[in-house]
Amino acid sequence: MQITSRIMPIKSPFEASIAKPGQGNVVLSLLPPSNPTLTTLTYKYPLKLLTRTPGYVPQSSALSCPVSRPVHLYLLTYGGGLLPGDHIEVSIKLEQFTRMVVTTPQGTTKIYKTEPSRSVKGRRAPGRVLSDKSRQTLDVRIEKGAAMCYLPDPAVPYKDSRYEQVQTFTVDSTTKGSQRSSLCMLDWVTEGRKSRGENWDFHLWKGKNEVYSVDESGKKKLLLRDSLILDEELDEGSLEDEHETLNRTGVIRERTRPHGIVGTLILYGPVFERLANFIMDRFTSQPRIGARNWSSSAPAAVEAPPNFDSKVTFTAARVRAGFVLVKFGADHFETAKDWLGNILREEGTVINEFGEEALCCL
Amino acid sequence: MITKSSPQGLEKEILDLEYRLQNAKARLAVASGQEPSGDSYLPLPQDTAPLLSSHALFLLSDSALPLGSFAYSSGLESYLAHNKPLPPKITPTASFHRFLKLSITSMASTSIPYVLAAYRHPEDLETLDNDMDASTPCVVAQRASIAQGRALIGVWERAFRGTYASGPFSAGVAASEAAKAIEDFSDALKSCSDAADDLGPKGHFAPLWGIVCLAMGMDARQTAYVFMLNHAKAVLSAAVRASVMGPYQAQAILASKGLQDMIMNRIDREWDTPVEDAGQVVPPLDLWVGRHELLYSRIFNS
């Protein structure tokens, strides 16, 4: 993939504070007359941020006001994943009326586990069987009229890995109607490397997505919190166990059955209103569960024609403050990917407003 | 705030233990056929204080408490529909046991932090209610939680407040703070409109349970335990009505050591969890509960 960066050599006021490894800072501004520009773009190893401004101009938009060209931000890490102890901290600010697409061009986010025996050459510190947690935080501020489309690849936690991510989005609550901030955000996690027989074999995966609103006085209010905790619940005793392999509790597998991937899609704001309605309709028009065909003598339930919806178990709910929350589970990553990609392409909002590239992970 | 090591609390505990010791001795005497020596009657406890909080406990654990909990199956009905037909090797009872375990685990991880936070910080009730609302992923679960929460406020105001908010049964400073907080919250609830887009107070069950228990002098442990036990009762009662099992079998599960241990274990795990870290540990449960609306026929509201 050809990635042409348009990084401007602007001296950032945050330069001094960005010295910590894994930190990144992005500010997208709209310079007059209508020129989206990254006024800040900094990052430190092992994080890498690349951007490009594709020539795509939204042809027709849900918004009546003129919309700016979306800027594409690629989230990359060395090795395409996170090692134990890696902390990634990305802060993004979308100033008024800007648009950003965020994707992960390296494919799935791998959550690695380094084998203690390999790294310490046979000598293992007692009681240190668990690897360090890797951690990723994403803090996004979306000002009024701005929109973010964040459709990454899923996280793939390897066997015995431990990972935590916190994604915080702050939207502007001072405006109503079509000037509100917009957000489309996907968060999904798989059972691991299926090809290697992994089946929810990691130790910990914690994912939290929060959306806050902030008013003129800077007062924050929690609008939505989506928190998933997949914890093998290993107690202290099993950690100090000298055996090579820990006794697995298998609780994550038990609690996710029958799915091999679970995920959440969050939709908010005027840009995604049509998509939100589309998915709500799709959900409510699913065939009733347990419906019987009374007209025939056959007692069997009416079988829905096989389609994507029948392979993916999902719910969609208009929760509050205009949010539509979609939750889904499927047996394979590919099934979920096809299902979601199919919905987003069929409906068209994402492609119309952000261009085909916004769907590159789907 | 009542702490576990306060002198009054310890005195109460000692009295309670003495009473139970006497009781056990008397029962041992009867069981082993011995002539009760001397006093053949059980002595009355010297102080009725230990029974005060027990009385509140009995009221709040009563399945006749009018919260309308019988209308909700907490996803059981949808779970049964989604797992039909069962694989040949799995019995309906085994399948139900799986659901009960998942449901209790999930209820503890999503709600116990809110129950305990409201108990420990009654002044934060409105924030807790907002955050709980923000964390409830579907309208079905939201409806169930709000209906029971508002019913609990109703029971408090119409039935319990008269006895527990003042007078000899008031359980101290923390309890009267809690009573005040419930009143403020109830006023806010009544004055806010019911518009769908409104972000005002909702009346979620978990935080209100914590604060009402505080107002009635329950200790934190009891508060969490009864919350979980009532949830288990509601699921089992739904199982009986959904013809998964008979009433005796349901009572046997309710009485079992397995269930007690499970509840204790989940409460221990969530005892110090801040509300910010409350979350779903059983992702398919959100799907089952959310898809309850898609069931062709329903006997429950959730």
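This is a predicted model: local features need pLDDT of at least 70, side-chain atom pairs count only at pLDDT 80 or more; totals for chains, interfaces and linings use all residues.

Reply: Happy to! Two residues are in contact here if their C-beta atoms, placed from the backbone, lie within 7 Å. Leaving aside neighbours within four places in sequence, A:Gly24 is in contact with A:Thr42, A:Tyr43, A:Leu47, A:Leu49 and A:Val90.

Residues are numbered from 1 along each chain as its sequence is written, while chains are lettered from A and ligands numbered from 1 in the order in which they are written.

A:Gly24 belongs to strand β1 of chain A, residues 23-31. Strands (E, at least two residues) and helices (H or I, at least four) are DSSP runs, numbered from the N terminus. A:Gly24 counts as buried because it has 21 C-beta neighbours inside 10 Å; the cut-offs are 20 or more other C-beta atoms within 10 Å for buried, 12 or fewer for exposed, and partly exposed in between, with C-beta atoms placed from the backbone.

Now for chain B, which has 12 helices and 0 strands. Buried residues make up 41% of its 302 residues. Among contacts in chain B between residues at least 6 apart in sequence, 84% join residues at least 24 apart. Its C-alpha trace spans about 70 × 50 × 30 Å along the principal axes.
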